[in-house]
Amino acid sequence: MIPVDTPSVTAEVNRILQAVLGDFGADMPISPDSTFRDDLGMESIDVVALAGRLQARYGAGVNLAQFVASLDVDSVRELRVGQLVDHIVLSMNRADGRP
Amino acid sequence: MTTVRVNDIDLHVQELTPTGVADPPTVVLLHGLATDSMASWYFTMAYPLVELGYRVLLLDLRGHGRSQRPALGYALDDFVDDLDALLAGREKVTIMGNSFGGTVAFAYAARHPEKVAGIVSVESSPPTPVWFARLTSRLSDLANAVARPRALVAVGARRGARGAQRAQDAARLLAETSLREELPASRLPARARLEAITCPVLCLYGDRSHVVEMAPETQRLLPQAALRVFAGQKHSLLIDQPEDVRAAITTWLRGGSHA
């Protein structure tokens, strides 16, 4: 069973982010307020790679393509790590609640 | 990350599947040349298509995004061979291509007209000699732009370290592979093969992009093509106006002319 409380998901997202960022992420401070684009300097293909890894970890219930499709272009640009964590926690708890 | 090995290289693919749809039809999304990747489709059309009940297959073309970058093998046929291998054994697909991705879609349909249910071309053209002459000239413009060290510094100031890295990556693609030589020298499908594409086609253009000048020739080759021109838009139509593109594609898919 994968823990889906906020601290556990935050730690996991940070770990996956470091992996996606590779050398660039080595000494990058990541906080819930970090924006993917400006603070972490992620290009969109990096976010796709992140989405793929998140789906592999949490299953189809965590759908970043769906999440970003619900946001307008400016909101995607300003997307923060904390928002992603909230989305995962929400998605996973919703999935658990299904019969 | 999902990679599939075809034609001796590893390609990065992502597949999104609608829930509760038995045997969903497949849409393949192909991106543009050099500075592009599957991301431009992933964040604009991928999920809206899943919501419409399609299985969505995204691909980073060879040399691009997170796919492998061989030193050789960048003629049009090489890109089509990859798609061919990836789609082997699948039912008919609809292919949507942005810029050069649209050209690969038309070239695949020229090779396998029976395997394509429809084509959406965003700021693109079928592989004609005139279009390839333009691609060649765009490639040398890009090569000249990224060859200037100051250009990369400027990108870095504007888009940060990773942004500069992407620009540098496009520069490397041009410097370290045969793309600049092989792509312009590509063997192109015979005109009759392009004219034999009978599936429904939707072509989207921005009226501030030169690509719209290719529209009359596309219409001559493919009289069934529906054309939409967006006022005030440039070559980056897909990422600048995703909502308009989404609406146009959704209307076309629901229109019924499309299988």
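A residue counts as buried if 20 or more other C-beta atoms lie within 10 Å of its own. By that test, buried residues make up 35% of the 99 residues in chain A. The model is predicted. Its scores are ipTM 0.72 and pTM 0.88. Chain B has an average pLDDT of 91, and 92% of its residues score at least 70.

**Chain A**

Chain A has five helices and zero strands. Along the sequence the pattern reads α-α-α-α-α. Consider the contacts in chain A between residues at least 6 apart in sequence: 70% of them join residues at least 24 apart.

Two packed helices are described by the angle between their axes and the distance between the axes.

| Helix pair | Axes come within | Crossing angle |
|---|---|---|
| α2(A), residues 44–58, and α1(B), residues 39–51 | 8 Å | roughly 65 degrees |
| α2(B), residues 76–87, and α3(B), residues 100–111 | 9 Å | roughly 70 degrees |

On the chain A side, A:Ser44, A:Ile45, A:Val47 and A:Val48 of α2(A) make the contact. On the chain B side, the partners are B:Ala39, B:Tyr42 and B:Phe43 of α1(B). The contact of α2(A) with α1(B) has six nonpolar residues, one polar residue and no charged ones.

Within chain B, α2(B) and α3(B) cross at roughly 70 degrees. That angle makes α2(B) roughly perpendicular to α3(B). From α2(B), the contact uses B:Leu76, B:Phe79, B:Val80, B:Leu83 and B:Asp84. From α3(B), it uses B:Val104, B:Ala107, B:Tyr108 and B:Arg111. Seven residues of this contact are nonpolar, none is polar and two are charged.

**Helix α2 of chain B**

How far does α2(B) reach from its first C-alpha to its last? The 12 residues of α2(B) span 17 Å, close to the 16 Å expected at 1.5 Å a residue. Its buried residues are B:Leu76, B:Asp78, B:Phe79, B:Val80, B:Asp82, B:Leu83 and B:Leu87. What do these buried residues pack against? Their partners are β1 (2–6), β2 (9–16), β5 (93–98) and α3 of chain B. Just after α2(B) comes B:Gly89, with a positive phi of about 85 degrees.

**Two residues with positive phi in chain B**

B:Asp8 is not a glycine, yet it has a positive phi of about 70 degrees. This residue lies in the loop between β1 and β2 of chain B. B:Glu123 is also a residue other than glycine, and its phi is positive, near 50 degrees. It sits in the loop between β6 (116–122) and α4 (129–147) of chain B.

How values were computed: Residues numbered from 1 in each chain as written. Chains lettered and ligands numbered in written order. Predicted model: local features only at pLDDT ≥ 70, side-chain atom pairs only at ≥ 80, totals over all residues. pLDDT = per-residue confidence, 0-100. Axes fitted to C-alpha atoms, helices over the stretch in contact; angles between N-to-C directions. Helix = DSSP H or I, 4+ residues; strand = E, 2+ residues; numbered from the N terminus. Parallel < 35°, antiparallel > 145°, perpendicular 65-115°, else oblique. Contact = placed C-beta atoms within 7 Å. Nonpolar A, V, L, I, M, F, W, Y, C, P; charged D, E, K, R; others polar. Expected span 1.5 Å × (residues − 1). Buried ≥ 20, exposed ≤ 12 C-beta atoms within 10 Å, placed from the backbone.
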